[in-house]
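Biologist: I'd like to learn how to read aromatic rings and nonpolar cores in a model. Can we go through one together?

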Amino acid sequence: MISTKLTALLGIDHPIVSAPMGGVSGGRLAAAVTRAGGLGLVGVSYGDAAFIDEHLPQAAEGGGVWGAGCVMFTFDERPGLWDKVLGYAPPVIALSFGDAEQVGRYVSSAAGSGARVVVQVHDTEQAVVALQAGASVLVVQGAEAGGHHKTRATLPLVPAVLDLVRGAVPVVAAGGFADGRGLAAALALGADGVMMGTRFALTVESIATAGFKTSLTAAGTTDTVNTRSFDVLRGIPWDEVYQARSVSNAFTREWTGRDDDLAARRADVEPGWTAAVARDDVSQRALFAGEVLDLVKDVRTAAAIVEDTVSEAETVLRGLATRIGR
């Protein structure tokens with residue numbers, strides 16, 4: 001077993017977190033990761049009341065420590081959902097994508113409910129805000145991640161945040177991790193664990209569609225593109241500093257870089273796109289995935305991923321220790 005500040009704080013066996021990916025990380029996946037000894041998170045946003053009522057109880061069935069992942073600015077637009085999440089008493093609440101005022105407000109509210117509060121950050125300025133707000137854990141996500149991210153790369157960002165934190169809270173590295181080599185690398189940087197998204201998206205337990213899983217296993221890293229097109233079409237008010245990494249398809253090839261045109265034609269384009277998504281048309285739907293696609297070529301159980309990641313990391317770390325001369 002690999003023990004870190006994260007495992008000690010949360011009382012989990014392994015320093016592995018499954019990312020709370022919207023439309024992918026349901027209660028079954030969170031429960032499976034939790035049962036395997038990691039921290040399983042449900043991707044609540046862009047959820048709704050019915051999603052919360054279905055998936056948070058499923059996550060709790062895993063026993064132990066599980067959590068709900070909430071995109072702060074979307075909860076501001078959905079009255080009542082925050083209280084509904086808190087009503088299920090998740091042991092961990094993971095917060096992301098909020099401004100300084102939202103971070104302070106949601107961290108305070110989540111901590112007041114008795115939860116450990118994880119805050120995702122994408123630069124050192126956000127890390128300072130989250131730390132001052134009282135975050136229990138920081139997730140430091142680099143631009144290698146799938147879905148939404150800023151521009152800082154993981155490798156230099158993690159130690160920069162660690163220098164600011166100075167051991168005050170556990171730090172979890174995210175963006176570019178899919179196996180034990182990545183976990184060992186993150187630990188070598190000084191992180192206390194990793195959060196993996198794409199690897200857990202391609203699991204038996206994820207709620208990603210069959211088309212999504214098939215597309216990701218067939219794609220490579222060079223097939224991904226950073227785009228704002230899906231957000232523009234859905235009318236989701238993401239700050240323009242964030243783009244989302246997705247596997248390129250017909251939709252991204254037509255609309256990436258044409259945000260103004262797409263916004264102007266949204267009323268015409270959106271109905272057909274929504275219908276395409278409903279039938280799992282992978283030429284049109286978002287296929288969010290990170291730069292680890294070259295490393296992820298199969299669909300496996302969440303438990304196997306946790307076990308193999310830890311085992312491989314232990315092997316790597318032991319091997320590195322033999323390189324130290326006397």
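Predicted model: local features only at pLDDT ≥ 70, side-chain atom pairs only at ≥ 80, totals over all residues.

Biologist: How many aromatic pairs does the structure hold?

Modeller: There are 10 aromatic pairs. One of them joins Phe75 and Trp82, with 5.9 Å centre to centre and 85 degrees between the planes.

Biologist: How do I read those two values?

Modeller: An aromatic ring pair is described by the distance of the centres and the angle of the planes. Over 60 degrees counts as edge-to-face, so the pair of Phe75 and Trp82 is edge-to-face.

Biologist: Are Phe75 and Trp82 buried or exposed?

Modeller: The cut-off for buried is under 20% relative accessible area. Phe75 counts as buried because its relative accessibility is 6%, and Trp82 is buried too, at 11%.

Biologist: What about Phe230 and Trp273?

Modeller: That pair is tilted, with 6.3 Å centre to centre and 45 degrees between the planes. Phe230 sits in helix α12 and Trp273 in helix α15, so the pair ties together parts 43 residues apart in sequence. Both Phe230 and Trp273 are buried.

Biologist: Which residues touch the most other members of the largest nonpolar core?

Modeller: That core has 90 residues, and those touching the most other members are Val44, Trp82, Leu95, Val119, Leu138 and Phe200. Leaving aside neighbours within four places in sequence, Val119 is in contact with residues including Leu95, Val107, Ala130 and Leu138. Another core, of nine residues, lies apart from the largest one, and Phe230, Val232, Leu262 and Trp273 are among them.

Methods: Residues numbered from 1 in each chain as written. Heavy atoms only, no water. Phe/Tyr/Trp six-rings, centres within 6.5 Å; stacked < 30°, edge-to-face > 60°. Buried < 20%, exposed > 50% of the residue type's maximum accessible area, 1.4 Å probe, protein only. Helix = DSSP H or I, 4+ residues; strand = E, 2+ residues; numbered from the N terminus. Core = buried A, V, L, I, M, F, W, Y, C linked by side-chain atoms within 4.5 Å. Contact = heavy atoms within 4.5 Å.
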